[in-house]
Amino acid sequence: MTKQQANWSPYDNNGGSCVAIAGADYCVIAADTRMSTGYNILTREYSKICKLADKCVMASSGFQADVKALQKNLAARHLIYQHQHNKQMSCPAMAQLLSNTLYYKRFFPYYSFNVLGGLDNEGKGCVFTYDAVGSYEKVGYSSQGSGSTLITPFLDNQLKSPSPLLLPVQDAVTPLVEAEAIDLVKTVFASASERDIYTGDKVEIVVVNAAGIRREYMELRKD
Amino acid sequence: MSKSVIEMPPKGGFSFDLCKRNEMLAKKGVSPPSFRKTGTTIVGLIFQDGVILGADTRATEGPIVCDKNCEKIHYMAPNIYCCGAGTAADTEAVTDMVSSQLQLHRYHTGRESRVVTALTLLKRHLFNYQGYVSAALVLGGVDVTGPHLHTIYPHGSTDTLPFATMGSGSLAAMAVFESKYKEGLTRDEGIKLVTEAICSGIFNDLGSGSNVDICVITKGGKEYLRNHLQPNPRTYTSSKGYSFPKKTEVLLTKITPLKEKVEIIEGGDAMEE
């Protein structure tokens with residue numbers, strides 16, 4: 001008697017790609033705006049990026065219903081923190097909160113692949129990358145989602161982090177200027193949308209720096 | 001010792017010997033390699049003077065685009081063309097095969113090929129393979145009996161229609177046809193409608209994309225408009241360009257010399273022929 005397989009899944013994949021790059025005094029977080037299911041497009045203008053705190057922004061791809069629930073959860077926890085501590089959460093603090101929130105649902109995970117980006121307490125850019133159950137790491141750049149397999153090798157080539165095997169330990173933050181990093185992100189999304197069917201329509205680029213948070217859009221292939 | 005079973009040469013067609021092994025592997029969690037399908041939107045319509053066929057140009061391997069500009073309108077005969085959706089290898093192979101058969105038939109009969117001949121050859125082949133040859137085709141052409149348009153399904157059934165769509169984008173394209181098709185379209189109206197239907201597939205179906213190919217077949221001849229429309233140019237090219245100077249990072253160098261003695265045998269055997 002073979003084991004009966006489930007004929008209904010609580011999850012769906014809405015596709016899309018996210019990227020984040022950390023610089024010396026800025027952080028760029030970008031995600032495409034296409035939401036799809038199977039071979040159909042649900043909408044061309046869905047934002048996958050959410051501002052969690054003054055200097056902390058999260059981009060998530062995967063199952064958008066779980067992403068929305070996760071964002072709401074974190075926003076509520078942040079509000080409580082603000083009431084208790086009379087200040088905004090720092091990016092590294094939010095990073096750990098996100099990890100714990102994800103692991104809390106270890107046995108019925110949030111189908112959400114996240115990248116967290118922002119400025120740390122010293123004003124330097126930081127990017128944290130996650131898996132679906134909360135394993136996280138501070139990195140210089142990261143990519144998640146359906147286009148990540150196309151994007152990551154290119155970012156590795158252009159922004160290659162120094163090997164962790166070399167001593168002294170070097171910082172992973174890129175020496176590129178903000179404008180160059182944005183140019184890189186635009187190129188990366190244009191290329192990913194050529195070859196990944198789930199990436200396209202528009203890319204939303206959010207830049208966090210000392211002046212605040214700025215948002216810009218760029219058109220991508222619509223096919 | 002004589003063998004009890006005589007070894008027979010394979011008769012051709014499919015061998016299902018590995019099915020049990022594949023099932024066992026699937027249970028262990030090993031997923032089979034995906035084949036290249038054409039995602040696809042293909043259409044055909046009959047207009048005043050003949051037939052117009054249209055297709056998109058994207059080929060996909062799962063979620064990745066493997067060819068941004070492939071040709072889905074295949075030649076069958078000087079007056080017959082066939083659009084193919086489904087597994088790319090299957091559509092190529094089956095159209096090439098029937099095209100050759102039609103040529104031989106033309107030599108044999110001394111006459112222009114008829115669309116129904118191509119139709120019967122294709123459907124017989126596909127039915128024979130019980131749907132395992134995953135080719136969904138839109139066959140169109142003009143012969144002595146007039147213009148014809150047919151759809152052929154992977155299991156071997158066919159339909160004869162004034163307008164038809166196939167592939168993952170067929171619903172998007174059919175929505176356009178059902179709204180705007182009428183009998184007795186002129187050449188330009190027909191091309192415009194086919195282009196609209198294919199564009200509908202390109203933009204609304206993720207399995208279809210890139211450019212629009214058109215083929216117009218009339219009694220006088222055919223016109224193959226490759227990349228008739230290119231509505232998807234690359235959206236952004238960095239003005240400064242990118243260089244790739246980085247080589248593989250060397251973390252450690254360790255050289256172990258191999259033995260230096262090489263023994264030379266005098267008068268060794270010459271190489272076997």
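In this predicted model, strand 8 of chain B, residues 146-152, is largely enclosed by the rest of the structure, because 6 of its 7 residues are buried. Over all chains, the count of salt bridges comes to 20. The points below take up the strand, the interface and the salt bridges in turn.

**Strand 8 of chain B and its neighbours**

- Strand 7 of chain B, residues 135-143, pairs with strand 8 of chain B in the antiparallel sense, and 7 bridges connect the two.
- Within this pairing, B:Leu137 stands opposite B:Ile152 of strand 8.
- The link from strand 7 of chain B to strand 8 of chain B is a hairpin through 2 residues.
- Strand 8 of chain B also runs antiparallel to strand 9 of chain B, residues 158-160, with 3 bridges joining them.
- Here B:Thr151 is the residue opposite B:Asp159 of strand 9.
- The hairpin of strands 8 and 9 of chain B has 5 residues between the strands, and in this hairpin B:Gly156 takes a positive phi near 110°.

**The interface of chain B and chain A**

- Chain B contributes 32 residues to the contact, and chain A contributes 34 residues.
- B:Leu206, B:Tyr236 and B:Tyr242 supply 24% of the area that chain B buries against chain A, which is more than any other three residues.
- The interface holds 17 residue pairs in polar contact, counting pairs with both residues at pLDDT 80 or more.
- On the side of chain B that touches chain A, strand 4 (64-67) and helix 5 (187-204) are the elements that give two or more residues.
- Strand 4 of chain B provides the largest share of that side, with 4 residues.
- By residue type, the side of chain B that touches chain A divides into 12 nonpolar, 12 polar and 8 charged residues.

**Salt bridges across the interface**

- There are 2 salt bridges across the interface of chain B and chain A.
- A:Asp223 forms a salt bridge with B:Arg58, and their closest N and O atoms are 3.0 Å apart.

**Salt bridges within chain A**

- A:Lys48 and A:Asp32 meet through their side chains in a salt bridge, at 3.1 Å from N to O.
- This pair ties together parts that are 16 residues apart in sequence, because A:Lys48 lies in the loop between strand 4 (40-43) and strand 5 (49-53) of chain A, while A:Asp32 lies in strand 2 of chain A, residues 26-32.
- Both A:Lys48 and A:Asp32 are buried.
- A:Glu178 and A:Arg214 form another salt bridge, with the closest N and O atoms 2.8 Å apart.
- This pair links distant parts of the chain, 36 residues apart: A:Glu178 is in helix 4 of chain A, residues 178-195, and A:Arg214 is in strand 12 of chain A, residues 212-219.
- A:Arg214 has a relative accessible area of 36%, so this residue is partly exposed.

- B:Glu71 forms a salt bridge with B:Arg226, and the closest N and O atoms are 3.9 Å apart.
- B:Glu71 lies in the loop between strand 4 and strand 5 (73-77) of chain B and B:Arg226 in strand 12 of chain B, residues 222-229, so the pair ties together parts that are 155 residues apart in sequence.
- B:Glu71 counts as partly exposed because its relative accessibility is 43%.
- B:Arg226, with a relative accessible area of 28%, is likewise partly exposed.
- Salt bridges that share partners join A:Glu194, A:Arg221, A:Asp223, B:Arg58 and B:Lys68 into one network.

Note on methods:
Residues numbered from 1 in each chain as written. Chains lettered and ligands numbered in written order. Predicted model: local features only at pLDDT ≥ 70, side-chain atom pairs only at ≥ 80, totals over all residues. Heavy atoms only, no water. Buried < 20%, exposed > 50% of the residue type's maximum accessible area, 1.4 Å probe, protein only. Pairing = 2+ DSSP bridges. Contact = heavy atoms within 4.5 Å. Buried area = accessible area lost by both parts, 1.4 Å probe. Salt bridge = Lys/Arg side-chain N within 4 Å of Asp/Glu carboxyl O. Polar contact = N/O pair within 3.5 Å; in protein donor to acceptor, adjacent residues only side chain to side chain. Nonpolar A, V, L, I, M, F, W, Y, C, P; charged D, E, K, R; others polar.
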